[in-house]
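Reader: I would like to go through this model feature by feature. For each one, give me the general idea and then the case at hand.

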Amino acid sequence: MSRPLSLEPSIFFDEVNERQGVFHRRAFLFGGFAGLGTLALVGRLTDLQVVEGVRYQLLSNSNQFNFRLRPPPRGRILDRNGIEIASNRPDFRVLYRKGESKDIEGTLDKVAALIPLSDTRKASLLKEISNTPKSRPVSLANDLSWDEFARVNVRAPDLLGVAADMGEARVYPFGGAFAHVIGYVARVSAEDLEKEKGIDGKPDPLLLHPGFRIGKQGVEKALDSQLRGRPGGQKVEVDSVGRVIRDDPSGDIKALPGKDVVLSLDADIQNRALEVFGEDSGAAVMMDIRTGDLLCLLSAPSFDANSFVSGVSSADYKQLAQYERKPLLDKALAGLYPPGSTFKTMVALAALAAGQDPKRTYTCNGAFQFGNHVFKCDKHHGTLDMHGAIATSCDVFFYQTALNAGIDKIAEVAKRFGLGQTFDIGITGQRKGIVPSIEWKRNYFKKTPANQKWFPGETPSVGIGQGYVNVNPLQLCVMASRLANGRKALNPRLIRSIGGIEQPRGSAVPDLEVNPDHLNFVRAAMASVANDVSGTAFAAAHLGLGSVLMAGKTGTAQSHVYASGTHGAHGARGDWQLRDHAWFIAFAPADDPRYALSVLVEHGGFGAEAAAPKAREIMRTALLKDPEIRARIEQPLPLPPLDPNAQLPGAAPPPPTDIPGVPGPAIPSVQTFDPGRPA
Amino acid sequence: MTSSALTRPGQRDRLSEKVTEIDWRLALVVCVITGLGAMILYSAAGNAWSPWADKHVIRFGLCLVLMFVLSMVGLRFWFIAAYPTYAIALFLLMLVPVIGHTSLGAKRWLGAGAIQIQPSEIMKIGIVLALARFYHGLSPREAALSWKLLIPAALIGVPALLVARQPDLGTALLIAFTGAGMMFLAGLSWRLLAAGGILIGAGITPFILFVLKPYQRDRILTFLHPENDPSGSGYHILQSKIALGSGGLLGKGYGLGSQSQLNFLPEKQTDFIFATFAEEFGLIGCIGLLALYALAVAIALRIASISHSHFGRLSAAGVTVTFALYVLINAAMVMGMAPVVGVPMPLMSYGGTVMLTVMVGFGLVEAVRVHRYEEMPSGRGSLL
């Protein structure tokens, strides 16, 4: 085949023209295809940018902006005078949001270079972070110093996901004084989350915030929903890895702070009560008998509620739980004890109502035989009427009196005075106790019919507050306040107001169905307990506040050790666990009562020795805080009237003639209460 | 002065005459598109020249000079260089699996340090030149249907497979489509086209299932249902669609694209720069940009059409096909109409290699325009 000249076309001209023609047609077609492709792209763009534009706009905004949950400040808990007993303090902490970050360990190492972070803590944090969804923050460290906080804050932009955050932490300024009443807050547990599930099956996101604490006990738990408030949102612009680019304060949603709760308690009285208990175990409850407000609701020994907020260590918790004086138990509400001789007031009222003459005497020679059982008394009291028997707390007299009244009459009166029931004070944890009656025994021993019958031989024990009868310190305080008030069946009130809204008062209750003469009689006898030389608490319960006197009743209750069926020696001797419980119930001033009080010293021995002095101190604190009482104490003594028969209005009553050992006009007699007493 | 077929001999070879023959409209459109690219890169960097916009502009300046220089190179030289260029590119491609180095899980690069070359990019020019050279010596009947068509099929298939094995699916597809486009332009018979279409249609499913690497398969399946895995492999497409869609009709405004500024949009400066642009300039801006690209394609096709030599026609058209495919595939990918295969938007995406390839291509197109009357050797039966 011969080669053509190199510059000549290898094909013929018609072929050249044909080739060119084909190319032109095909190029035109290609242009058309490309144009169609471009049109398809424009169509798709129109769909994305115009038809679905709004949807993508929203998606873009939700990428760009983030609402960071801001926990609301928890409502404070205040005492009756506005003193904070639970409040919030600033808490500098470091939060970590995992986001898209992969190198969590590296970030933690960098944080550990700025603030102390132990290896074990790091390991547990790693675990916590990997179990947490990426949008939810995890707290790396709490309670940082300002220096540490500032150090993290400066470096935070380099540490992906790490943010220095200023939150609030719960603080209880009085530590243990209110621990049982207001409880404490702590980390949200899995059970809490389960309980708080909303309608959509998801828990409130606030509960998942690392700074949030939930009420675990007492007022913090009972009023958690009011104290909690509503969380706010902080609008921030974030980049793809969750780093905050800038805040957008205009888009913030304000957190709604929790409501403040005002309690009826008085911090000074409560603190004084804790002080006088020292390491003793027991409870003190005080009520204002005009309103029913609880002024003191103490259980001792106590524990520092602050240590529960950040999480108490298991060793510390074990120590608290195993201590024999049971600091974690609220003895004021949940501790049940036989009331001992304080119950004689009820027996006396029951007997009076049953028609026993107050002047009727019985002779005590130290023992009382009923059937073939001998009931003992701690002394030979000799011949006594009811007044004397209350003042000297003679058991023999009340064995007899209880039999006169009958168990059902006693139970009826005791219930009227608040025993054997719980009160709506806004917090849980009260135990009812037992007020025995024939019906009660029938119900109680349903399973053992042989025990269902009430034996008359069981009544004398109840007469001195032993046997089946069981009460808590709050009930005895209510009993004392109803005795002192004399007219109303007062209920205790703990929560005074929530968010400024006054809660129902404890005095809006029906009248007490008891003969006022009988009440006056018992009150006079109680005044003698504390102020007559023969009274069981004469020395211990003397207030030393001039004409302002305290009336009371001691109680020394045998503590049963049910396992062995034995009890220890009388009084404050021997094994602590076997000693008697010491009681004292009181009200003051004796002539115009304002405050009622019950004091229990667990295994304290004699009521007069262990409980009465504590009651005196607590009562003194309350009386000295009361401006009217204070004025009365500080008011100069009136001159003795020239004519003993012409009394000036407002002057002290005539000096007692029958209280040996009490100096003349300085302390007025309590005889005005004493209709049944021989002159 | 404009030249014509009737200018004096030698006059057309003068440099001063040649410069006037450069198609300045095409150069202007290319400059405008690149300028928009630089603008968007400036915005994406948070209103800063560094790290992208400055380098983009400098590279473009150098490439523009190169384009003008190449446009002065006679078509006969391109003709002679066609097969050697292809051969060198093929040789380097074969070398890549042996001595190439790995980056991002794929072996694509040769060389070390400052001088690194991507043989697949050389091949994009090489395949255009080689096919143009081959068809230059082919009669229309042969180009339509003959056993000789096995040669361009091999010329296309071998480098496409080599690139696909690197693996670089996007470039492989680009080479294959460019080659197919040129065969179509050269006059492939409709029957063969239909047969090929049916073959590809039947072979696509087994290809996806058995030939593709798992990550490539994931990309394809993800493009169909990006919402199934919003934080995994669907993330790119989803965020890209959000960026596009949130731009709306008029866009969020220059420098205000939150998706790109806050890094939600991945590869915002390279493969997804069209989404960055669309977020800030909206539908109107996008239509304008696509119109500019269409204009460039139309001008280049017109240049191809007026060339007197078949080599000139096909080489200019081949470059145009590559360029158009770049734009269409990238835009479709960004809009979620095509799988994410790593094809950049030419002239806008940040990256030196693609810029160089595209500008060398436009240099060839301009050379075809400048030398449109140049007579070509037959080329039949010889390699040089």
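Author: Let us start with a single residue. This is a predicted model, and B:Met359 is located in helix H15 (residues 352–370) of chain B.

Reader: Is B:Met359 buried or exposed, and what is the count of C-beta neighbours inside 10 Å?

Author: B:Met359 has 24 C-beta neighbours inside 10 Å, and the cut-off for burial is 20 or more, so B:Met359 counts as buried.

Reader: Which residues is B:Met359 in contact with, leaving aside its neighbours within four places in sequence?

Author: With those neighbours set aside, the contacts of B:Met359 are B:Cys63, B:Leu64, B:Leu66 and B:Met67. Separately, B:Pro346 is 13 residues from B:Met359 in sequence, and their C-alpha atoms are 9.5 Å apart.

Reader: What is the wider setting in chain B?

Author: Chain B has 15 helices and three strands. Of its 384 residues, 52% count as buried. Among contacts in chain B with a separation of 6 or more, 71% join residues 24 or more positions apart.

Reader: How should I describe a pair of packed helices?

Author: Two packed helices are described by the angle between their axes and the distance between the axes. In chain B, helix H4 (residues 75–99) and helix H5 (residues 119–136) pack at about 140 degrees, and their axes are 8 Å apart. The crossing of H4(B) and H5(B) is left-handed. On the H4(B) side the contact includes B:Trp78, B:Phe79, B:Tyr86 and B:Leu93, and on the H5(B) side it includes B:Ile122, B:Met123, B:Leu129 and B:Arg133.

Reader: How many residues of the contact of H4(B) with H5(B) are nonpolar, polar and charged?

Author: That contact has 18 nonpolar residues, three polar and one charged.

Reader: Now the contact between the chains. How many residues does it take from chain A and from chain B?

Author: It takes 41 residues from chain A and 45 residues from chain B. On the chain A side, helix H1 (13–51) and helix H2 (53–64) each supply at least two residues. H1(A) gives the most to that side, with 22 residues. The chain A side is made up of 17 nonpolar, 15 polar and nine charged residues.

Reader: And chain A as a whole?

Author: Chain A contains 23 helices and 21 strands. Buried residues are 44% of its 679 residues. Of the contacts in chain A with a separation of 6 or more, 73% are between residues 24 or more positions apart.

Reader: How far can the coordinates of chain A be read?

Author: Where pLDDT is low, the predicted coordinates should not be read in detail. The mean pLDDT of chain A is 84, and 88% of its residues reach 70 or more. Over residues 1–8 of chain A the pLDDT is below 50, and this stretch has seven contacts beyond near neighbours in sequence. Residues 655–679 of chain A also have pLDDT under 50, with 43 contacts beyond four places in sequence.

Reader: Where is A:Ser534?

Author: A:Ser534 is in the loop between H21 and strand E19 (551–557) of chain A. With 15 C-beta neighbours inside 10 Å, A:Ser534 counts as partly exposed. Not counting residues up to four places away in sequence, A:Ser534 touches A:Ala391 and A:Thr392.

Reader: Which backbone geometries deserve a second look?

Author: Most residues other than glycine have a negative phi, and most peptide bonds are trans. A:Ala300 and A:Pro301 are joined by a cis peptide bond, with omega about -10 degrees. A:Ala588 and A:Pro589 are also joined by a cis bond, with omega about -15 degrees. A:Asp143, which is not a glycine, has a positive phi near 55 degrees, and with 12 C-beta neighbours inside 10 Å A:Asp143 counts as exposed. B:Glu267 has a positive phi of about 50 degrees and lies in the loop between helix H12 (258–261) and helix H13 (273–306) of chain B.

Conventions: Residues numbered from 1 in each chain as written. Chains lettered and ligands numbered in written order. Predicted model: local features only at pLDDT ≥ 70, side-chain atom pairs only at ≥ 80, totals over all residues. Contact = placed C-beta atoms within 7 Å. Helix = DSSP H or I, 4+ residues; strand = E, 2+ residues; numbered from the N terminus. Nonpolar A, V, L, I, M, F, W, Y, C, P; charged D, E, K, R; others polar. Axes fitted to C-alpha atoms, helices over the stretch in contact; angles between N-to-C directions. Left-handed = near helix turned anticlockwise from the far one by under 90°. pLDDT = per-residue confidence, 0-100.
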